[in-house]
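This report describes a protein model for a reader who is new to protein structure. Please keep the sequence and the structure in view while reading.

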Amino acid sequence: MNISFARFGRITRCGTMLLLCGLLLCTSVLHAADEVNVYSARKEQLIKPLLERFTEQTGIEVNLLSAEAGALLTRLRNEQRNTPADMLITVDAGNLQRAVEADVLQSVDSEALQQLVPAHLRHPDGLWYALSVRSRVIFRHRERVPADAINSYAQLADPAWRGRICIRSSDNIYNQSLVAALIEHQGEAATEAWAAGVVANLARSPQGGDTDQLLAVAAGECDLAVANTYYYARMLNDPQQKATAEQLAVVWPDQDGHGAHINISGAAITRHAPHPEAARQLLEFLLSESSQQWYAEVNNEYPVREDVAASEVLRALGEFNMDQLNLSVLGKNNAAAVMLMDRAGWR
Ligand code: FE
């Protein structure tokens, strides 16, 4: 199941290389013959401008294939050593761990990357690195739910919230990863009891994406919702949705405990990458200061690097303590999380 390169969106033209040649940059022209092929599960407009900038800076062409995360992993699995892909960019540590388990990634041992990316945001053996951070938190209706009414994930199972919570279905990886983190912190039995409590508190059968949960709170269908921070930030940035979003407030859970559950978008170099050195350069580029700033901002996410500031909208949500759990755990506990939610009746 080889994909044809015609399916890739070619980002630069040979003209760039000829021009460079004309500028006597002969050694880099040898390099510029390089290219790097990226399989990406992100929306094209959220990554492509960055890849174009990489090409401008290095002369290395980037061929981008965008598809859904599961489809990309299936491709990598089927292509094995015939894969044209050098890099996989995807969301959720659970998806990255699936790629680790499918043995389609290679370890990148880069001192630069280890310094830039905090330890909990990269695979312990360098099999993947986070590019951006999001937190999965609780949102309350500003008026119907006082600020001190809830401050932890555990309280979502409290009978006080019967019929008042909106959250999407258990087949969504964000919820699976949240549950996987809870399993790591408190064990399976306690997490299963918690999940059953959450299910008992649902205002409606799980439906829609994260934004739909936020809209349902604003519409009065529920009083609390669980969603990723970037969905909320996106609403705040949208003049048509800003007023709706402002009816809600963020609750940063577990600030005196493990911290708010976080997840990432991340990148990895494939095991059989035809251009591993160019891929490594791209990875380092994606974690450079200016890339981090741009990527986090357009995706409404937090930068991975501690020396890069979050966007204004996110800064306005306030500082918070994030869970320091190594995110490879989310993939490790994924199967247990899925089964547990099923037993708890979480549709
Ligand atoms: Fe999402």
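## Aromatic pairs

Trp252, Tyr302 and Phe320 form one aromatic cluster. The model is a predicted one, in which local features need pLDDT of at least 70 and side-chain atom pairs count only at pLDDT 80 or more, while totals for chains, interfaces and linings use all residues. Residues are numbered from 1 along each chain as its sequence is written, and side-chain values use heavy atoms, with hydrogens and water left out.

A pair of aromatic rings is described by the distance of the centres and the angle of the planes. Rings of Phe, Tyr and Trp (its six-membered ring) pair if their centres lie within 6.5 Å; planes under 30 degrees apart count as stacked, over 60 as edge-to-face and the rest as tilted. By this rule, the count is six aromatic pairs. Two of the pairs are set out below.

| Pair | Distance of centres | Angle of planes | Class |
|---|---|---|---|
| Phenylalanine 54 and phenylalanine 285 | 5.3 Å | 55 degrees | tilted |
| Tyrosine 302 and phenylalanine 320 | 5.4 Å | 65 degrees | edge-to-face |

What does the pair of phenylalanine 54 and phenylalanine 285 tie together? Phenylalanine 54 belongs to helix H3 (residues 48–58) and phenylalanine 285 to helix H12 (residues 276–286), so the pair ties together parts that are 231 residues apart in sequence. Helices (H or I, at least four residues) and strands (E, at least two) are DSSP runs, numbered from the N terminus. Phenylalanine 54 and phenylalanine 285 are both buried; buried means under 20% relative accessible area, exposed over 50%, and partly exposed in between (1.4 Å probe, protein chains only).

The pair of tyrosine 302 and phenylalanine 320 also links distant parts of the chain, 18 residues apart. Tyrosine 302 is in strand S11 (residues 302–303), and phenylalanine 320 is in the loop between helix H14 (312–316) and helix H15 (328–332). Tyrosine 302 has a relative accessible area of 9% and is therefore buried. Phenylalanine 320, at 15% relative accessibility, also counts as buried.

## Domains and core

The protein is divided into domain 1 (35–133 + 262–310) and domain 2 (134–261 + 321–343); such bounds come from an automatic or database domain assignment. The C-alpha centres of domain 1 and domain 2 are 27 Å apart. Between them, 26 residues of domain 1 are in contact with 25 residues of domain 2, where contact means heavy atoms within 4.5 Å.

In soluble globular proteins, nonpolar side chains tend to be buried together. A nonpolar core is a set of buried Ala, Val, Leu, Ile, Met, Phe, Trp, Tyr and Cys residues joined through side-chain atoms within 4.5 Å. The largest such core has 111 residues, and Leu156 and Trp194 have the most contacts inside it. Helix H7 (residues 173–186) gives the most to this core, with eight residues. Domain 1 and domain 2 both give residues to the core, so it lies between them. Leaving aside neighbours within four places in sequence, the contacts of tryptophan 194 include Tyr153, Leu156, Leu178, Leu182 and Trp346.

## Helix H5 and its surroundings

Helix H5 (residues 93–101) is mostly covered, with seven of its nine residues buried. Among them are Ala93, Leu96 and Val100. The buried residues of H5 pack against helix H4 (69–79), strand S4 (87–91), S5, H7, strand S10 (262–270) and H15. Just after H5, aspartate 103 takes a positive phi of about 60 degrees.

Leucine 105 is found in strand S5 (residues 105–106). Leucine 105 has a relative accessible area of 2% and is therefore buried. Beyond its neighbours within four places in sequence, leucine 105 is in contact with residues including Leu96, Ala99 and Val100. The C-alpha atoms of leucine 105 and tryptophan 128, 23 residues apart along the chain, are separated by 7.9 Å.

## Confidence

The mean pLDDT of the protein is 91, and 90% of its residues reach 70 or more; pLDDT is the predictor's confidence in each residue, from 0 to 100. Over residues 1–9, pLDDT stays under 50. Residues 11–32 also have pLDDT below 50. Where pLDDT is low, the predicted coordinates should not be read in detail.
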